[in-house]
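Have a go at each task before you read its solution.

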Amino acid sequence: MISEEGIPVHIAIIMDGNGRWAKKRALPRIAGHNEGMKTVREITRSASQLGVKVLTLYAFSTENWKRPKLEVDFLMKLPEEFLSTFLPELIEENVRVEMIGDMEQLPDHTKKAVQNAMNRTAENDGLILNFALNYGSRTELVQAVKSIIQDVKEERLAEQDVTDATISRYLMTGHLPEPDLLIRTSGEHRLSNFMLWQLAYTEFFFTDVLWPDFSEKHLLEAIASYQKRSRRFGGLS
Ligand code: V07
């Protein structure tokens, strides 16, 4: 059972196991990605209903470009595919679509679809559905450091005012609270260059469930586990 009080404000998810899901069924990897997209819809709806404020989903990492070209091409069509089906529903549910990652390197058709979704949901004030797309945490940190140096050089920022809060602000998540709960599916226990700075105090929940099989039931399990732990932490402070 979960309590309505301690709902994590920001949940981040590494959606792993789509390829494995397909392999188990002797299907091509892309079938797993397709199925994983349906899970994105279900989990977004659940998170929104639970009153989660931010849901960050790791959809494509900077390392994923190394995959076979056909798979990359397919993945780059998923944002359009997802939005052509679900954008009306997201608008209806007052969800705001955002993204972190380098948008510049995305194919034009992908960029257009994501930009259109962000524009059309910019005024929504419900759940922020934040896609990490062509995202890598170390690159994000390098960009932040460069921007800080530039702002110090050009005297918009004083060197003595550079604190850990400054670094947080210069990241792509600068306007968002840090994740309270990180979920990684499919039995892997690594961060894989995902939100390294932002996860410093985050509770981690690992499950062997493959992303296409992940359902609201599993989300509630993760939140219940988080609530148990954050209550204990609360009792000590
Ligand atoms: C992708 C489905 C989920 C499992 C993980 C890999 C495959 C939704 C999106 C998406 C991205 C941006 C956006 C709207 C939807 C997506 C990629 C892969 C690259 F604005 N699912 N999904 N993008 N997968």
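**Exercise 1. Find which residues Thr 39 touches, not counting residues up to four places away in sequence.**

Step 1: collect the contacts, meaning heavy atoms within 4.5 Å. Thr 39 touches Trp 211, Pro 212 and Phe 214 once residues up to four places away in sequence are left out.

Step 2: Thr 39 sits in helix α2; helices here are DSSP runs of H or I with at least four residues, strands are E runs of at least two, and both are numbered from the N terminus.

Step 3: check burial. Thr 39 has 3% relative accessibility, so it counts as buried (buried is under 20% relative accessible area, exposed is over 50%, partly exposed lies in between, with a 1.4 Å probe and protein chains only).

A word on the ground rules: this is a predicted model, so local features need pLDDT of at least 70 and side-chain atom pairs count only at pLDDT 80 or more, while totals for chains, interfaces and linings use all residues. Residues are numbered from 1 along each chain as its sequence is written, and side-chain values use heavy atoms, with hydrogens and water left out.

**Exercise 2. Describe how α2 and α3 cross.**

Step 1: get the geometry. The axes of α2 (residues 29-50) and α3 (residues 69-92) come within 10 Å, crossing at roughly 30°. Axes are lines fitted to C-alpha atoms, for helices over the stretch in contact, and angles run from 0 to 180 degrees between N-to-C directions.

Step 2: classify it. The two helices are therefore roughly parallel to each other (under 35 degrees is roughly parallel, over 145 roughly antiparallel, 65 to 115 roughly perpendicular, and the rest oblique).

Step 3: assign the hand. α2 passes α3 in a right-handed crossing; right-handed means the near helix is turned clockwise from the far one by less than a right angle, left-handed anticlockwise.

Step 4: list the contact. On the α2 side, the residues include Arg 29, Met 37, Val 40 and Arg 41, and on the α3 side they include Glu 71, Phe 82 and Leu 90. The contact residues divide into nine nonpolar, three polar and six charged (Ala, Val, Leu, Ile, Met, Phe, Trp, Tyr, Cys and Pro are nonpolar, Asp, Glu, Lys and Arg charged, and the others, Gly among them, polar).

**Exercise 3. Work out which hand the crossing of α3 and α4 has.**

Step 1: the axes of α3 and α4 (residues 108-121) come within 8 Å and cross at roughly 20°. These helices are therefore roughly parallel to each other.

Step 2: the crossing is left-handed.

Step 3: the contact involves, among others, Leu 83 and Leu 87 of α3 and Ala 113 and Ala 117 of α4. It divides into eight nonpolar, four polar and three charged residues.

**Exercise 4. Write down the strand order of the sheet and find which strands stand at the edges.**

Step 1: the open sheet has six strands in the order β3-β4-β2-β1-β5-β6, with parallel pairing (two strands pair if DSSP finds at least two bridges between them).

Step 2: β3 and β6 (203-206) stand at the edges with a single partner strand each, so one side of each has no neighbour in the sheet. From one strand to the next, the twist averages 20°.

Step 3: look at β3 (residues 96-100). Four of its five residues are buried, so β3 is largely enclosed by the rest of the structure. Five bridges pair β3 with β4 (residues 128-135) in the parallel sense, and Glu 98 stands opposite Asn 130 in β4.
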